[in-house]
Amino acid sequence: MSDTFEAIANIIAETCDIPRDSITPESHAINDLGIDSLDFLDIAFAIDKAFGIKLPLEAWTQEVSDGKATTDQYFVLKNLAARIDELVAAKGA
Amino acid sequence: MRIEYFQLIDRIVDLNLADRKITCEATIPTVSTVFEGHFPGYPLMPGVLLIEAMAQTSGWLVVAANDFKRMAFLASVKEAKLRTFVLPGQTLSISSHLEHEGSGYAVCNAKIRCGGKVVSDATITLRVLDFPNAEVAEEMRKLADKIGLKIEARADG
């Protein structure tokens with residue numbers, strides 16, 4: 001499992017009081033873990049700070065609304081970790 | 001301060017977008033129906049209104065940081081502390097620092113001082129959304145102008 005996944009799983013466990021053991025790379029933040037949009041703001045803030053990035057939540061939400069993406073692409077944790085890795089790489093480029 | 005209208009900020013004293021800080025001032029009225037109930041014979045500024053004043057101050061900072069193109073809505077309040085009683089007639093200095101601008105949200109650290117002493121502080125999270133319609137945007141611009149938030153040069157920028 002990637003360091004990025006471990007980091008976001010720990011953030012979610014701490015922020016939302018969800019048992020760490022129940023959070024897996026396959027977990028969907030909304031559908032499986034029941035995280036609502038307000039709690040996700042806290043998670044986004046913690047991720048932004050931890051990785052020095054700005055998660056493009058509004059763009060992702062728009063893409064889902066427009067049918068150009070599925071929530072799985074952004075909110076299944078292994079995919080979220082991959083998106084974060086891309087943002088970190090883009091920042092350093 | 002127009003408590004009954006939830007207009008808690010009298011004037012912007014300082015806005016520094018480079019440092020992402022704002023300071024506002026507000027004088028609590030000596031007479032208000034609020035004090036008839038809170039509390040009869042012992043009027044105190046309600047703590048929730050002190051928190052609201054910090055939220056509004058943070059909101060103006062975020063609106064200014066967004067070139068007055070978006071609006072801020074209170075989403076969460078953390079670590080709010082009401083350190084001492086605040087009385088009718090007292091003047092508050094309310095400051096806020098924009099700690100983080102995320103995508104569709106902002107996190108601010110706000111403080112209220114009275115007579116140089118910190119009386120309240122909190123971490124305020126705001127959702128940052130488009131104005132719901134042109135009328136609301138216009139009303140907010142009027143209110144901004146009234147309290148001295150200079151937006152003319154930025155409104156079309």
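**Figure 1. Asp17(A) sits in the loop between helix H1 (3-16) and H2 of chain A.** Helices here are DSSP runs of H or I with at least four residues, strands are E runs of at least two, and both are numbered from the N terminus. This is a predicted model, in which local features need pLDDT of at least 70 and side-chain atom pairs count only at pLDDT 80 or more, while totals for chains, interfaces and linings use all residues. Residues are numbered from 1 along each chain as its sequence is written, and chains are lettered from A and ligands numbered from 1 in the order in which they are written. Although Asp17(A) is not a glycine, its phi is positive, about 55°. Asp17(A) counts as exposed because it has 8 C-beta neighbours inside 10 Å. For this label, C-beta atoms are placed from the backbone: a residue with 20 or more others within 10 Å of its own is buried, one with 12 or fewer is exposed, and one in between is partly exposed. The loop between H1 and H2 of chain A also holds Asp32(A). With 15 other C-beta atoms within 10 Å, Asp32(A) is partly exposed. The C-alpha atoms of Asp32(A) and Val76(A) are separated by 9.1 Å, and the two residues are 44 apart along the chain.

**Figure 2. Chain A meets chain B through eleven residues of chain A and nine residues of chain B.** Residues are in contact if their C-beta atoms, placed from the backbone, lie within 7 Å. On the chain A side, helix H2 (37-51) and helix H3 (57-65) each supply at least two residues. H2(A) gives the largest share, six residues. By class, this side of chain A has seven nonpolar and four charged residues, with no polar ones. Here Ala, Val, Leu, Ile, Met, Phe, Trp, Tyr, Cys and Pro count as nonpolar, Asp, Glu, Lys and Arg as charged, and the others, Gly among them, as polar.

**Figure 3. Chain B holds an open sheet of six strands with antiparallel pairing, in the order S1-S2-S4-S5-S6-S3.** Two strands pair if DSSP finds at least two bridges between them. Strand S1 (11-16) and S3 of chain B are at the edges with a single partner strand each, so one side of each has no neighbour in the sheet. From one strand to the next, the twist averages 25°. S1(B) pairs with strand S2 (residues 21-27) of chain B over five bridges, in the antiparallel sense. In that pair, Leu15(B) is opposite Ile22(B) in S2(B).

**Figure 4. Two hairpins share strand S5 of chain B.** Seven of the ten residues of S5(B) (residues 105-114) are buried. Strand S4 (residues 91-101) of chain B pairs with S5(B) in the antiparallel sense over eight bridges, and Ser96(B) stands opposite Ala110(B) in S5(B). Three residues lie between the strands of this hairpin, where Gly104(B) has a positive phi near 85°. S5(B) also pairs with strand S6 (residues 117-130) of chain B, again in the antiparallel sense, over ten bridges. There, Val107(B) has Thr125(B) in S6(B) as its bridge partner. Two residues lie between S5(B) and S6(B) in their hairpin, and Gly115(B) takes a positive phi near 60°.

**Figure 5. H2(B) lies across S1, S2, S3, S4, S5 and S6 of chain B.** H2(B) runs at about 50° to S4(B); axes are lines fitted to C-alpha atoms, for helices over the stretch in contact, and angles run from 0 to 180 degrees between N-to-C directions. The largest nonpolar core has 59 residues, of which Leu77(A), Ala53(B), Met54(B) and Ala106(B) touch the most other members. Such a core is a set of buried Ala, Val, Leu, Ile, Met, Phe, Trp, Tyr and Cys residues joined through C-beta atoms within 7 Å. H2(B) supplies the largest share of this core, ten residues. Beyond its neighbours within four places in sequence, Ala53(B) is in contact with Leu8(B), Ile9(B), Ala26(B), Leu92(B), Ile94(B) and Ile112(B).

Figure 6. A cis peptide bond joins Phe39(B) to His38(B), with omega about -5°. Asp67(B) is not a glycine, yet has a positive phi of about 55°. Asp67(B) counts as partly exposed, with 14 C-beta neighbours inside 10 Å.

Note on methods: Two residues are in contact if their C-beta atoms, placed from the backbone, lie within 7 Å.
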